[in-house]
Amino acid sequence: MIQVQGLSKSFGKVKAVQDVSFFAPDGQITGLLGPNGAGKSTTLRMLYTLLKPDSGSAHVDGFDVRQSPLEVQRRIGVLADARGLYSRLTSRENIRYYGRLHGIESEVLEKQIDRLASLLDMQAIMDRKTEGFSTGEKLKVAIARALVHEPKNVLLDEPTNGLDVMSTRAMRQFIVRLREEGKCVLFTSHIMQEVAALCDQIVIISGGEVSAMGSPNDLREQTGQESLEDAFVAVIGSEEGLE
Amino acid sequence: MIEKLFIIVQKELLDNLRDYRSWITGLFWALFGPLILGGMIMVLGNTFRDRAEAPLTLPVSGAERAPNLIAFLEQQDIIIEPAPADPEAAVIAGDINVALIIPEEYSEEFSAGETATLQLVLDSTRQSASPDIERTEDALKTYSSYIGVMRLSLRGVSPEVVRVIQIEEVDTATPQSQALIFISMLPYFIIFAIFNGASPVITDATAGERERGSLEPLLINPLPRGWFAMGKMLSAVPFAITNLLITLSGFAAIFRLLPVEDLLGVQIGLDVSALVAIFMICLPIVFLACAIQTLIASFTKTTKEAGTYLPFIGLIPSLPGLALAFLPVKPDLWTMLIPTFGQQILINQFLRSEPILASNIWISSLLTILLAIAVTAIAIKLYEGERIISG
């Protein structure tokens, strides 16, 4: 459960995020849609405690990101924009490192790693060093390490970026699966179709501000457009930066 | 919570041990000092020995004009040989070190009792020629004063009249203290090795982490940010200590394997207890080296940028050690207050078997540790800021 209230962040004179508010409940997929540079990643970065908001507040399961960052970090699993792995470590070692930093007991941890390996269909690459992995393989490791502590809230920054068609499909199925497990899923995307197909709730961001919000049906009604894509374009005002 | 610090250290150790190319380069730096010093002792030791033992061969042009002088020189163990046709060219080309030219007027002037002129062809900038030049000049001066004394005696004048003063040199330099000039360079190499042992690990764990894009996800793990800075700093410590041990063993091996006594005429007491003492003195420097480099690498954007700073950073504290070889500094209190400088003086004292004040060891260790803590605190502050992501 993620609650965002009046969040703002500037870098020098650039107002990256202005007065963004939304609520992402458990058991639902919330999509942040917007063109490149709209402020999606900055919003997410404030949620996962990397950046400190200038004003406004954000709560994860009731914990304030500024006041209790460690409590927030324990409750979130994050696929950040930067998703580098340790190339001299194997997939298992990469995932294990994060599990241990979360303080998971080693027996429980190994079982959890095996469970994630079969869930993400990556048993074959578990004991290989991650150097030379394909984008899809790297992404699987990055997701497994983000979810190793079984977080209730999952934040994904452009999770399908750079993936081929098959990997994108698998990724989308995985996101749906997370919802079925009752997790609060929040992800960013600049791909309209993806957001339309997956999300229970859509937050449209452009120019650092929320320009519209609601279920796909709500958005269609608000804009009076037949298709969701037309609704997006009507809200943002142009198609630039979207796919 | 503390065990999470060890998890970070453990991961960095495993990761960096697998990066064998980097740490092997680091090891090379540890052997660099002993190899250079060993080479210098060999080369310079041989020069010392040659200087004392080899007879001087002196090319002379116009030897027939001064049979007396030639006979005198030969008495001084100088082998006379005919000079090449163009002595100046031969000296410039480096074929000979020095040549004596006896001009035509010599015998006339000599017989008339006037001041006779001799020419020495030499290159005063050529270090390797200076023993030959000095010996030739000495022999000629000795001959000059010998003849002068004879002439005065013939005229019934006491030679004391022209010898207003006689200089008696009391040289306190023992052969050992000459050799210690080499030994004074040891602290320089030791500190250099410590810094270079730590830098590949730190570069990889800080700037490398950012470059790979693995820093951002790492910092989302539920640990205070400062722990990451500390973990990364501590993970370089074993590598720096390994380098320190290798360097010290290298020096010990060189003093044991090389016939230092034959080469330099002295014995150097780098025994086990001196090695242990030097190791202990250097331990605080290990922490300081890791802390400084962690701090620097924290705000460099790429490993390449870090790679341009770090060797330079290691050079600064080790430079005074190099200067110590030529400018001896007394172990005053103020020197102990400067981290790494105090230790270099203490190491020198150990090598010279001088009495050492325990308080000096404590003061220099304490201040170095305090500075290391302060630098670590700044690195932690950097990690707590937002800029750590972008560098």
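What follows is a chat about a predicted model with chains A and B.

User: Let's start with strand 3 of chain A. Buried or exposed?
Analyst: Buried. This is a predicted model, and in it five of the five residues of strand 3 (residues 29-33) of chain A are buried, so the strand is largely enclosed by the rest of the structure.

User: Which residues cover each face of strand 3?
Analyst: On one side you have A:Ile29, A:Gly31 and A:Leu33, and on the other A:Thr30 and A:Leu32; all of them are buried, and both faces are covered.

User: And which way does strand 3 pair with strand 8, parallel or antiparallel?
Analyst: Parallel, over five bridges, with strand 8 of chain A spanning residues 184-189. A:Gly31 stands opposite A:Phe187 there.

User: How many bridges to strand 9?
Analyst: Four, again in the parallel sense, and strand 9 of chain A covers residues 201-206. In that pairing A:Leu33 stands opposite A:Ile204.

User: Switching topic: what's the strand order in the open sheet of chain A?
Analyst: The order is 2-1-4-5, four strands with antiparallel pairing.

User: Which strands stand at the edges?
Analyst: Strand 2 (14-24) and strand 5 (63-64) of chain A. Each has a single partner strand, so one side of each is left without a neighbour in the sheet.

User: What joins strand 1 to strand 4?
Analyst: Five bridges, with strand 1 (residues 2-11) and strand 4 (residues 55-60) of chain A running antiparallel. As one example, A:Ser8 has A:Ser55 as its bridge partner in strand 4 of chain A.

User: Which helix lies across those strands?
Analyst: Helix 1 (residues 40-47) of chain A. It lies across strand 1, strand 2 and strand 4 of chain A, at about 115° to strand 1.

User: OK, A:Val154. Where does it lie?
Analyst: A:Val154 is in strand 7 (residues 153-157) of chain A. With 24 other C-beta atoms within 10 Å, A:Val154 is buried.

User: What is A:Val154 in contact with, leaving aside neighbours within four places in sequence?
Analyst: A:Gly77, A:Leu147, A:Leu178, A:Lys183 and A:Val185.

User: Last one: how many residues does each chain put into the contact between A and B?
Analyst: Chain B gives 18 residues and chain A gives 22. On the chain B side, helix 1 (2-18) and helix 10 (215-219) each supply at least two residues. Helix 1 of chain B gives the most, with five.

Definitions and conventions. Residues numbered from 1 in each chain as written. Chains lettered and ligands numbered in written order. Predicted model: local features only at pLDDT ≥ 70, side-chain atom pairs only at ≥ 80, totals over all residues. Buried ≥ 20, exposed ≤ 12 C-beta atoms within 10 Å, placed from the backbone. Pairing = 2+ DSSP bridges. Contact = placed C-beta atoms within 7 Å. Axes fitted to C-alpha atoms, helices over the stretch in contact; angles between N-to-C directions.
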